[in-house]
Amino acid sequence: MDEKSLETLEAWCKAREFCLYIYKEVLPRLPAEEKWNLGQQLRRAALSIPANIAEGYGRFYYQDNVRFCYNARGSLQKCVSHLIVAAEMQFILKAQCVSLRLDAEKLTMLVNGNIGYLKKSKQGGDEPGARYAVREVGELYEAEQDIPELETPAPVSNNE
């Protein structure tokens with residue numbers, strides 16, 4: 001294994017652990033009728049956290065990496081929202097939800113720290129193409145000044 005690899009990134013490691021806990025300890029506790037509703041949403045949000053960190057890590061430019069870290073942070077908050085609902089519906093214990101929310105706060109701090117590091121170090125920022133950006137220039141459409149009004153057709157009566 002390389003000295004610098006995804007497995008050495010603490011934010012990814014903790015996100016993976018968080019995701020595995022959701023899969024092993026939370027999802028099995030959901031009632032059968034929630035397996036395809038709340039369960040599916042929770043599964044996708046939890047899996048998205050380490051996946052977005054990993055995808056950002058694999059990008060060359062730090063701006064891409066930062067963007068994927070933002071996505072991971074958003075998925076984490078979505079996961080927390082689902083956990084709160086699961087606790088309020090008494091699908092999981094309140095204590096388990098509190099513990100997971102504390103883990104989520106720590107994970108948020110790790111992701112934020114990674115974002116700060118990436119912005120400060122600007123890895124890939126001096127490489128060819130790093131300064132290119134896509135932005136809109138001017139108006140895409142011009143409206144004509146004199147647009148004739150459409151005539152409204154007379155209603156059709158079924159009694160004729």
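**Exercise 1. The pairing of helix 3 and helix 4**

Task: At what angle do helix 3 and helix 4 pack, and how far apart are their axes?

Solution. Helix 3 and helix 4 pack at an angle of about 170°, and their axes lie 10 Å apart. Here axes are lines fitted to C-alpha atoms, for helices over the stretch in contact, and angles run from 0 to 180 degrees between N-to-C directions.

A word on the model before going on. This is a predicted model, in which local features need pLDDT of at least 70 and side-chain atom pairs count only at pLDDT 80 or more, while totals for chains, interfaces and linings use all residues. Residues are numbered from 1 along each chain as its sequence is written, and side-chain values use heavy atoms, with hydrogens and water left out.

**Exercise 2. The overall plan**

Task: How many helices and how many strands are there in the protein?

Solution. Count the elements: the protein has 4 helices and 0 strands. Helices (H or I, at least four residues) and strands (E, at least two) are DSSP runs, numbered from the N terminus. Read along the sequence, this gives the pattern α-α-α-α. Now look at burial: of the 160 residues in the protein, 34% are buried. Buried means under 20% relative accessible area, exposed over 50%, and partly exposed in between (1.4 Å probe, protein chains only). Then turn to contacts (heavy atoms within 4.5 Å). Among those between residues at least 6 apart in sequence, 72% join residues at least 24 apart.

**Exercise 3. The nonpolar core**

Task: Which residues have the most contacts inside the largest nonpolar core?

Solution. Start with the term: a nonpolar core is a set of buried Ala, Val, Leu, Ile, Met, Phe, Trp, Tyr and Cys residues joined through side-chain atoms within 4.5 Å. The largest one has 37 residues, and those with the most contacts inside it are Phe-18, Ile-22, Ile-49, Ile-53, Cys-79 and Leu-83. Helix 1 (10-26), helix 2 (38-57), helix 3 and helix 4 (94-121) each supply at least two residues of this core, and the largest share, 10 residues, comes from helix 3. To see one of these residues at work, select Ile-49: not counting residues up to four places away in sequence, Ile-49 touches Ala-15, Phe-18, Ala-72, Ser-75, Leu-76, Cys-79 and Leu-107.

**Exercise 4. The cysteines**

Task: How many disulfides does a search of the whole structure find?

Solution. The search finds 0 disulfides, a disulfide being a pair of cysteine sulfur atoms within 2.5 Å. Then check burial: Cys-79 is buried at a relative accessible area of 0%, and Cys-13 is buried at 18%.

**Exercise 5. Residues in helices and loops**

Task: Is Ala-86 buried or exposed?

Solution. Ala-86 is in helix 3 and is buried, with a relative accessible area of 0%. Leaving aside neighbours within four places in sequence, Ala-86 is in contact with Leu-30, Leu-38, Phe-91 and Ile-92.

Task: Which residues is Ile-115 in contact with, leaving aside neighbours within four places in sequence?

Solution. Ile-115 is found in helix 4 and counts as buried at 6% relative accessibility. The contacts of Ile-115 are with Val-66, Cys-69, Tyr-70 and Arg-73.

Task: Where is Gln-90 found?

Solution. Gln-90 is found in the loop between helix 3 and helix 4, and counts as exposed at 70% relative accessibility. Now check the backbone. Most residues other than glycine have a negative phi. Gln-90, although not a glycine, has a positive phi of about 60°.
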